[in-house]
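The questions below ask what lies behind some of the words used for a protein model.

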Amino acid sequence: MGDRTMTQLQQHKQQRERERERERERERENPFSNQKKEKATMESPFRDDIMKGKVALITGGASGIGFEISTQFGKHGASIAIMGRRKQVIDSAVSNLKSLGILAVGFQGDVRKQEDAKRVVESTFEHFGRLDILVNSAAGNFLVSPEDLSPNGFRTVLDIDSVGTFTMCHEALKYLKKDGPGRSSSSGGLILNISATLHYTAAWYQIHVAAAKAAVDATTRNLALEWGTDYDIRVNGIGPGPIGDTPGLSKLVPDEIKNKTREYMPLYKVGEKWDIAMAAVYLASDAGKYINGTTLVVDGGLWLSRPRHLAKEAVRQISRTVEKRSRDAPLVPRSKI
């Protein structure tokens, strides 16, 4: 091989290394914007028929996490009803579900309106003859500082997330409780509320969502106690972390925002919609029959993250220095008083 060819190969290698380094740098600067939007290829760990015979109504079930839950519930044997505000999106989602051989129907409605909630729940029962699972996945979110957030904006998010969740639960009770229409006397159904982890500590520019999701979690626990006791209904939640290729993530961290997320959240990793859907299948199937009143956090441990204030080597050096200073310090006699 000639010198010229060797030089070209070296230059090409150096160029590829520079490109890889630039890619790594972009990911360090903004890991959200560089996530691969590939569908999960993992096989479900559950039997295909683990939800056979069940009917699930999923609000916000036509897009994002809600649609993945709709899809996975259907793939595991459930019949699906989805509720949303945009008819075109609903129709497209139902068409996609049917193309997979899933029994599905869609209803247009707003969870903030009690008459819509009542109509959709009743329509689901009329269509399938029963209702076993209610998934409250409809949500609203955007970045805003507290001083720039109007009371109306604050109220809107609570109306969708908190009040909407309770409204759907309230209207579905008749069909989910033990001995309800279409149900046997042996057991009640399940309510699954999609929450978050923002309110576990505090989050910048998310006061409205933190308040709303705290209310959702309180609703989950209280309904689990009261409706679990009186009607044999299990009520659980899921607290997702940042999930790739979803409207929520694109709103909260658009490409225009550059950050150093991994520096202050060491456990940061973007999850997949599949991760949340598998948690939902677990809780909604007989595999989760003894779980009630729990919000399952699915975020890779992210909410536990704290910045590393000192490097390990610095800690070792400081520890040695402090220990030496302590050993060398003169002993001071204790007072007898």
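Q: In which helix is Met 278 found?
A: In this model, which is a predicted one, Met 278 is part of helix α9.

Q: What makes Met 278 count as buried or exposed?
A: The relative accessibility of Met 278 is 7%, and the word buried applies under 20%, so Met 278 counts as buried. Leaving out residues up to four places away in sequence, Met 278 touches Ser 44, Pro 45, Phe 46, Gln 72 and His 76. Met 278 and Phe 73 are 205 residues apart in sequence, while their C-alpha atoms are 9.0 Å apart in space.

Q: How do you know whether Trp 274 is buried or exposed?
A: Trp 274, which also lies in helix α9, has a relative accessibility of 11%; the limit for buried is under 20%, and Trp 274 therefore counts as buried. From C-alpha to C-alpha, Trp 274 and Met 42 are 8.7 Å apart, although 232 residues separate them in sequence.

Q: What makes up the largest nonpolar core, and which element gives the largest share of this core?
A: This core has 35 residues, and those with the most contacts inside it are Met 51, Ile 69, Phe 73, Ile 80, Ile 133, Val 135 and Ile 238. At least two residues each come from β1 (55–59), α2 (64–75), β2 (79–84), α3 (87–99), β4 (133–136), β5 (190–194) and α9 (273–284), and the largest share, 9 residues, is supplied by α9. In soluble globular proteins, nonpolar side chains tend to be buried together.

Q: Which residues is Val 135 in contact with, leaving aside neighbours within four places in sequence?
A: Val 135 is in contact with Leu 57, Ile 58, Thr 59, Ile 69, Phe 73, Leu 192 and Ile 194. A second, separate core has 26 residues, among them Met 83, Phe 128, Met 168 and Leu 176.

Q: Why are α5 and α6 called roughly parallel to each other?
A: The axes of α5 (residues 151–176) and α6 (residues 207–231) come within 8 Å and cross at roughly 15°. Angles under 35 degrees count as roughly parallel, and α5 and α6 are therefore described in this way. The crossing of α5 past α6 is right-handed.

Q: Which residues of α5 meet α6, and how does the contact divide into nonpolar, polar and charged residues?
A: On the α5 side the residues include Phe 154, Leu 158, Asp 161, Cys 169 and Leu 173, and on the α6 side they include Val 209, Lys 213, Val 216, Trp 227 and Tyr 231. The contact of α5 with α6 has 14 nonpolar, 4 polar and 2 charged residues.

Q: Why are α2 and α3 described as roughly parallel to each other?
A: Their axes are 10 Å apart and the helices pack at an angle of about 25°; with the cut-off at under 35 degrees, α2 and α3 are therefore roughly parallel to each other. Here too the crossing is right-handed, as α2 passes α3. Phe 67, Ser 70 and Thr 71 of α2 make the contact with Ala 93, Asn 96 and Leu 97 of α3, and by class this contact has 3 nonpolar, 3 polar and no charged residues.

Q: How many helices and strands does the chain have, and what percentage of its residues count as buried?
A: The chain has 10 helices and 7 strands, and 41% of its 337 residues count as buried.

How values were computed: Residues numbered from 1 in each chain as written. Predicted model: local features only at pLDDT ≥ 70, side-chain atom pairs only at ≥ 80, totals over all residues. Heavy atoms only, no water. Axes fitted to C-alpha atoms, helices over the stretch in contact; angles between N-to-C directions. Helix = DSSP H or I, 4+ residues; strand = E, 2+ residues; numbered from the N terminus. Parallel < 35°, antiparallel > 145°, perpendicular 65-115°, else oblique. Left-handed = near helix turned anticlockwise from the far one by under 90°. Contact = heavy atoms within 4.5 Å. Nonpolar A, V, L, I, M, F, W, Y, C, P; charged D, E, K, R; others polar. Core = buried A, V, L, I, M, F, W, Y, C linked by side-chain atoms within 4.5 Å. Buried < 20%, exposed > 50% of the residue type's maximum accessible area, 1.4 Å probe, protein only.
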